[in-house]
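Okay, thanks for coming, everyone.

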Amino acid sequence: MKLQRKNRLRAIVAGALAVSGALVLTACGSDDNSGDSKDGGGSKAASNIKCDGKGQLLASGSSAQKNAMDLWIKTYGAACKDTKLNYKATGSGAGIQEFLQGKTAFAGSDSALKPEEVKSSEKVCKGGKAIDLPMVGGPIAVGFNVPGVDKLTLNAETLAKIFDSEITKWDDPAIKALNKDAKLPSLKIQAFHRSDESGTTDNFTKYLKAASPKAWPHEPGKAWEGKGGQSADGSSGVSSQVKQVSGAISYFELSYATANSIKTVDLDTGASAPVQATVDNASAAISEAKIKGTGSDLALDLAYDTKAANAYPITLVTYEIACDKGNKADTLAATKSFLTYIASEDGQTSLKELGYAPLPTEIANKVRESVKSLS
């Protein structure tokens, strides 16, 4: 059963990845309303969508939510035939920049806005400011490609030292101590990080800093600060390198590991047993998050250093960034319509099959209220 479920997840993710090369869906090109599992609920979900507005809706940002956006756009487009949505997975940093330049209706970011970004948004959000709307949750998997090793446990300290070039061989004593039954080869570690500014990098380094501050001396951020290593663009780039390169390790959203059949690290967090990178374990960690934003802003404070049983701490929450007031009149209706759908129970439930964690109910309800108030 476990193998069948895993193969089904791979098929669903592969289907989502193939929705469109440029992540563009025109409603007239979507005729699949069969409601089978490949479209994440199909006609049932589409029938619950309230369409509003029309024309082209541009958005960009987080590549970690790309697979979710693929599925959402397909379902939304089947219902709303007057709206053409184009989401470019450019990375969180580029997405925020385009939004602040007034080029997009909303942005996707794996990190909440910085105070200076909120201030800058006042130029775009006439009479208002940009807010963070959590929409996609899930684990950041640490994928590895080590010949002869199917199961690998690491902790924050070993991960920090691997990604800061302090541990350079797979048979290092620190790795051996955590994997007594594994046959670790004397193979060079090929650590890959993101070349673009990334919210995934920000969340991964926040985990390293929170859980092992002595081993990770760098400040967390979207831009990579660790020593050495190799880089690739986007979650698709680093996951492809892990798939292809012997001895490789990197970090990316779980659906990329699922789609590429990449093995993932179990984390020794100090809990009674190592924790796997799964949707349910990520949900356990996200449920501990506190809302630190005010008003319509719903930025979250995640528990990266949790030691709770079955709580996977390397999580990310992707925010959709929109203006609370002062949204462009020609895209406001469609923006609210689309965000209302993806925050809905149907939109959130469909995520789990792709390896994402639906928002906890309390947070999801607050998101729905914030979306309703956009003007």
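Let me start with a question: which strand does β7 pair with over 3 bridges, and is the pairing parallel or antiparallel? The partner is strand β8, residues 230-232, and the two pair in the parallel sense. Before going on, please keep in mind that this is a predicted model.

So, staying with β7 for a moment. If you want to find the pairing with β8 on the screen, look for Phe192, whose bridge partner in β8 is Gln230. β7 also joins β9 through 2 bridges, and these two strands run parallel. There you can look for Gln190, which stands opposite Ala248 in β9.

Let me zoom out. The chain has 375 residues, and 54% of them count as buried. Its secondary structure comes to 14 helices and 14 strands. Now take the contacts between residues at least 6 apart in sequence: 77% of those join residues at least 24 apart.

Next, the core. The largest nonpolar core has 102 residues, and the members that touch the most others are Trp72, Leu159, Phe163, Ile249 and Phe338. Strand β5, residues 130-145, gives the most to this core, with 9 residues. The core draws on two domains, with at least three residues from each: domain 1, which is 55-138 + 290-299 + 316-373, and domain 2, which is 139-284.

Let's pick out Trp72. Setting aside neighbours within four places in sequence, Trp72 is in contact with Met135, Val136, Phe338, Tyr341, Ile342, Gly347, Gln348, Ser350 and Leu351. Trp72 is also one of the buried residues of helix α3. That helix is mostly covered, with 12 of its 14 residues buried. Here's a quick check on its geometry: α3 runs over residues 66-79, and at 1.5 Å a residue it should span 20 Å, which agrees with the 20 Å between its end C-alpha atoms.

The buried residues of α12 include Phe338, Leu339, Tyr341 and Ile342. Remember that Phe338, Tyr341 and Ile342 were among the contacts of Trp72.

Phe338 brings me to the aromatics. Searching the whole structure gives 9 aromatic pairs. One of them is Phe106 with Phe338, a stacked pair at 6.1 Å centre to centre, with 25° between the planes. Phe106 sits in strand β4, residues 106-109, and Phe338 in helix α12, residues 329-343, so this pair links parts of the chain 232 residues apart. Phe106 has 0% relative accessibility, so it counts as buried. Phe338 is at 0% too, and therefore also counts as buried.

Here's another stacked pair: the ring centres of Phe204 and Tyr251 are 4.5 Å apart and their planes are at 10°. Phe204 lies in helix α8, residues 199-211, and Tyr251 in strand β9, residues 248-253, so the pair ties together parts 47 residues apart in sequence. Both of these residues are buried. They also belong to one aromatic cluster, together with Phe163, Trp216 and Trp224.

Now a stop at Thr318, in strand β14, residues 315-323. Is Thr318 buried or exposed? Its relative accessibility is 0%, so it counts as buried. The C-alpha atoms of Thr318 and Ser62 are separated by 7.3 Å, although the two residues are 256 apart along the chain. Beyond its neighbours within four places in sequence, the contacts of Thr318 include Ser62, Ala64, Gln65, Gly108, Asp110 and Met135.

Last item: two serines in loops. Most residues other than glycine have a negative phi. Ser165, though, has a positive phi, near 60°. You'll find Ser165 in the loop between α6 and α7, and at 34% relative accessibility it counts as partly exposed. Ser261 is the other one, with a positive phi near 55°. Ser261 is in the loop between α10 and β10, and it is partly exposed, with a relative accessible area of 37%.

That's my tour, so let's open it up for discussion.

Key: Residues numbered from 1 in each chain as written. Predicted model: local features only at pLDDT ≥ 70, side-chain atom pairs only at ≥ 80, totals over all residues. Heavy atoms only, no water. Core = buried A, V, L, I, M, F, W, Y, C linked by side-chain atoms within 4.5 Å. Buried < 20%, exposed > 50% of the residue type's maximum accessible area, 1.4 Å probe, protein only. Helix = DSSP H or I, 4+ residues; strand = E, 2+ residues; numbered from the N terminus. Domains from an automatic or database assignment. Contact = heavy atoms within 4.5 Å. Expected span 1.5 Å × (residues − 1). Phe/Tyr/Trp six-rings, centres within 6.5 Å; stacked < 30°, edge-to-face > 60°. Pairing = 2+ DSSP bridges.
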